[in-house]
Amino acid sequence: MPIATLAPLSQRRVRNFGLRPLIAAIAVGALVGISAPPALARGPDGIADVAEKVIDSVVNISTTSTVEAKNGGEGGNRGAMPQLPPGSPFEEFFEDFFKNRGGRGGGEKGGGLQPRKTNSLGSGFIIDTSGLVVTNNHVIDGADEITVIQNDGTKIKAELVGVDKKTDLALLKFTPVKPVTAVKFGDSDKLRLGEWVIAIGNPFSLGGSVTAGIVSARNRDINNGPYDSYIQTDASINRGNSGGPLFNLDGEVVGVNTLIISPTGGSIGLGFAVPSKTVAGVIDQLREYKEVRRGWLGVRIQPVTDEIAESLNIKPARGALIAGIDEKGPAKPAGLETGDVVVKFDGKDVKEPKDLSRAVAASPVGKAVDVLIIRKGKEETRKVTLGRLEDDKPVQASLKAAPEAEKPATQKALGLDLTGLSKELRTKYKIKDSVKGVVVTGVDSGSDAADKRLSAGDVIVEVAQEAVTNAADVKKRIDAVKKDGKKSVLLLVSNGEGELRFVALSVQ
């Protein structure tokens, strides 16, 4: 059982509570004989002023969903009327019992268990006096009804404007019955480590709760989504805080509280908020289009490891290595190629692949941007007009056709058994006709190749950024790399489906 649970913060009031398991209410006893900490240890005096200013803009989000009832147990028989012999003295008793409980044989149509209503509670905040509310998608996901509950207890039905599942954000609209307070977004890029922040929300259905803490980290990637760049805070955030705002001391929203890491479901000082810079861009698009339209470059990328950087003469290791080009994507007509390393996109430095993913996604569709690449040790700039990312759009590698070796010959290099492709090998390893190169037929268990997870059936497409068609080509290129004094050689490797990746292997 994991020692920590990564969970959204909305609160489902169904039996065991929670979208994910484990919500615990922890009673903390008073500590006798310990004096109160000095005021500065509890935070700056301005917290109360900020809370008083913005608390009316924070709302509770209540949703109702209909859940289809299912019989549990093997064969779905839990809760069903027991099978009794005809004429049994218990037959009439159990029949009446299950009819009353909505069980087997109950209901007007005699149709089993009845659907039931479930409730979910979360938080949100008003960004426009017309009644626009920001919250998390997981707070309202699957809801039949959404209700906004204001700080004074006023309850108003809300409608869904749009959602973005990739960032877990949603935009709601309700009609205020009296003037409401709206808040503004601050600049999350200006947050500093150690800066004080304030969280306001609806933890454990308590409503209107204010907690304070500091920014523990920025740009935190917790592998929860493709555009992870969370603000980490130790402000107490618990179940029900989902969708609530994280304020700076100017009363500006700098984040939307979304996730916690906890073994119990309660706060242990590891809370994560979507930064306001991301939120503002997503919400602007939801307001205008009711959906999010992201830029698309049309490449598949991977990290530049130290070994790959050494093979490509890149110092220091940085950027996003292009491992595949979509034949119909914007990158191809712009002249980007497999093996290029993107180090700057639209004026922004690209230190790792996620930097490029975030920058492209945040760019307008149709925008022409400069992409700085390193190709064979030299910097080049390409102008790319971005397309639109479709969720189901596949990224296919661009492979140039090369003639197959007429007489496959097996050679050994770098712990690999290498053979030219043949019809027999394509059938054996299920390799598509579009994949060209040299097939791996064996891997030494103690080799660097085994450590890098190369396996039989992989196809080496390029060695040191030059295409290979037979085992002799591979050996020749490796010998040339050794002669140049390099410590590693860069291989472009394809699987049977044509998906590419770069692998750097030691030649020493």
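For the class counts in these legends, Ala, Val, Leu, Ile, Met, Phe, Trp, Tyr, Cys and Pro go down as nonpolar, Asp, Glu, Lys and Arg as charged, and the others, Gly among them, as polar. The model is predicted, so to speak for itself: local features need pLDDT of at least 70, side-chain atom pairs count only at pLDDT 80 or more, and totals for chains, interfaces and linings use all residues. Residues are numbered from 1 along each chain as its sequence is written, and side-chain values use heavy atoms, with hydrogens and water left out.**View 1. The largest pocket is lined by 32 residues.**
Its volume is about 1,000 Å³. A pocket here is an open set of points on a 1 Å grid over the protein atoms alone, with protein on both sides within 12 Å along at least five of seven lines, and lining residues have an atom within 4 Å of a point. Grid points are joined across faces, edges and corners, and a volume is the space filled by probe spheres set on the points. Closest to the pocket centre are Lys277, Thr278, Arg358, Ala359 and Ala362. β10, α4 (276-289), β19 (348-349) and α6 (353-361) each give two or more residues to the lining. Helices (H or I, at least four residues) and strands (E, at least two) are DSSP runs, numbered from the N terminus. By class, the pocket lining has 14 charged, nine polar and nine nonpolar residues.

**View 1. The largest cavity holds about 90 Å³ of space.**
A cavity is a set of grid points where a 1.4 Å probe fits but cannot get out. The count of cavities of 30 Å³ or more comes to two. Lining the largest one are Lys166, Thr167, Tyr227, Asp228, Ser229, Tyr230, Val274, Pro275 and Thr278. That lining splits into four nonpolar, three polar and two charged residues.

**View 2. Strand β10 (residues 209-220) pairs with β9 (residues 196-201) and with β11 (residues 230-233).**
Two strands pair if DSSP finds at least two bridges between them. β9 and β10 run antiparallel over six bridges, with Val197 partnered by Gly213. β10 and β11 are antiparallel too, over three bridges, and there Arg220 has Tyr230 as its bridge partner.

**View 3. Strand β26 (459-463) is mostly covered, with five of its five residues buried.**
Buried means under 20% relative accessible area (1.4 Å probe, protein chains only). Antiparallel pairing links β26 to β25 (residues 438-443) over two bridges, to β28 (residues 488-494) over four and to β27 over two. Val463 stands opposite Glu466 in β27. Two residues sit between the strands of the β26 and β27 hairpin, where Ala464 takes a positive phi near 55°.

**View 4. Gln465 lies in the loop between β26 and β27 (466-467).**
Its side chain reaches the backbone oxygen of Gly339 at 3.4 Å. Setting aside residues up to four places away in sequence, Gln465 touches Leu312, Gly339, Lys376 and Leu490; contact means heavy atoms within 4.5 Å.

**View 5. Thr154 lies in the loop between β6 (145-149) and β7 (155-164).**
The Thr154 side chain makes a polar contact with the side chain of Asp152 (2.9 Å). A polar contact is a pair of N or O atoms within 3.5 Å; within protein, one must be able to donate a hydrogen and the other to accept it, and residues adjacent in sequence count only if both atoms are side-chain atoms. Beyond its neighbours within four places in sequence, Thr154 is in contact with Val148, Ile149, Val177 and Lys178. Thr154 and Val59 are 95 residues apart in sequence and 9.8 Å apart in space, C-alpha to C-alpha.

Notes
Buried means under 20% relative accessible area, exposed over 50%, partly exposed in between (1.4 Å probe, protein chains only).
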